[in-house]
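Let's take a friendly walk through this protein model, one region at a time. Keep the structure open beside you as you read.

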Amino acid sequence: TIATAAGIARQARADGGYARVALAGAWWCPFDGRVDPGQVMGFVEETMEAGPNELSITDVIGHAQPWEVRSLLTKICDKYPGVVSAHFHDTQALGLSNAVAALEAGVRIFDSSVSGLGGCPFAPGAAGNLATEDLVLLAHKLGFDTGIDLEKLWEVSATTGPMVDKETGGRTKGYWLSRAKA
């Protein structure tokens with residue numbers, strides 16, 4: 001519950017720790033469909049009263065659309081600048097578009113996963129997380145200095161498939177492989 005998360009955040013801050021709270025399913029619920037942005041803003045305000053260091057707004061099933069992402073995150077970032085992060089899945093191939101919308105709204109912290117590993121096991125049809133290597137390439141192409149060595153990140157990404165015994169890799173995997181062979 002929000003009250004439980006807020007309590008944990010308060011205690012973490014009191015103990016000198018870093019408190020990160022995630023609001024999952026901020027745009028779409030796998031069972032109830034579209035989420036009311038006003039309800040999300042209420043959850044955000046209640047959570048922020050606890051003073052977390054970071055508030056992650058998430059699209060855990062990958063159904064959010066860029067216009068929805070931009071609209072909600074602009075409202076949140078305007079009210080709580082510098083503490084908002086975002087997490088996207090790539091179910092409908094909109095993960096990167098949603099990341100751009102989040103950047104336009106003011107988000108500068110993103111949660112992603114090497115090779116897009118992970119996902120939402122309880123949501124029918126949900127794909128993996130937005131791949132870190134895709135997000136970092138996007139950030140570099142947009143002129144952001146991430147401090148991440150993209151070549152090394154791609155090398156790490158290439159090791160994930162054998163670890164989980166399945167094909168892995170983000171949308172930029174083919175691009176990277178073509179460069180590696182050249």
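## A serine pair in the sheet

Serine 56 has serine 85 of strand E5 as its bridge partner. The two strands involved, E4 (residues 54-59) and E5 (residues 84-88), run parallel and are joined by five bridges. Two strands count as paired if DSSP finds at least two bridges between them.

This is a predicted model, in which local features need pLDDT of at least 70 and side-chain atom pairs count only at pLDDT 80 or more, while totals for chains, interfaces and linings use all residues. Residues are numbered from 1 along each chain as its sequence is written, and side-chain values use heavy atoms, with hydrogens and water left out.

## Around serine 85

Is serine 85 buried or exposed? Serine 85 is buried, with a relative accessible area of 0%. (Buried means under 20% relative accessible area, exposed over 50%, and partly exposed in between, using a 1.4 Å probe and protein chains only.)

Setting aside neighbours within four places in sequence, serine 85 is in contact with Arg20, Glu54, Leu55, Ser56, Ile57, Val107 and Ile109. Contact means heavy atoms within 4.5 Å.

## Strand E4 and its two faces

Six of the six residues of E4 are buried, so this strand is largely enclosed by the rest of the structure. In a regular strand, side chains alternate between the two faces of the sheet. In E4, Glu54, Ser56 and Thr58 point one way, while Leu55, Ile57 and Asp59 point the other way.

E4 also pairs with strand E1 (residues 20-23), in the parallel sense and over four bridges. There, leucine 23 stands opposite isoleucine 57 of E4.

## The whole sheet

In what order do the strands lie? The open sheet has four strands in the order E1-E4-E5-E6, with parallel pairing. E1 and E6 (109-111) stand at the edges with a single partner strand each, so one side of each has no neighbour in the sheet. From one strand to the next, the twist averages 25°.

E5 and E6 run parallel and are joined by three bridges; histidine 87 has aspartate 111 of E6 as its bridge partner. Helix H4 packs on the sheet, touching E4, E5 and E6, and its direction makes about 170° with that of E5. (Axes are lines fitted to C-alpha atoms, for helices over the stretch in contact, and angles run from 0 to 180 degrees between N-to-C directions.)

## Helices side by side

H4 (residues 95-105) and helix H5 (residues 132-141) have axes 10 Å apart and pack at about 45°. The two are therefore oblique to each other. (Angles under 35 degrees count as roughly parallel, over 145 as roughly antiparallel, 65 to 115 as roughly perpendicular, and the rest as oblique.) Their contact is made by Leu96, Ala99 and Val100 of H4 and Asp134, Leu135 and Leu138 of H5. These residues divide into five nonpolar, no polar and one charged. (Ala, Val, Leu, Ile, Met, Phe, Trp, Tyr, Cys and Pro count as nonpolar, Asp, Glu, Lys and Arg as charged, and the others, Gly among them, as polar.)

Now look at helices H2 (residues 37-48) and H3 (residues 66-79), whose axes come within 11 Å and cross at roughly 25°. That makes H2 roughly parallel to H3.
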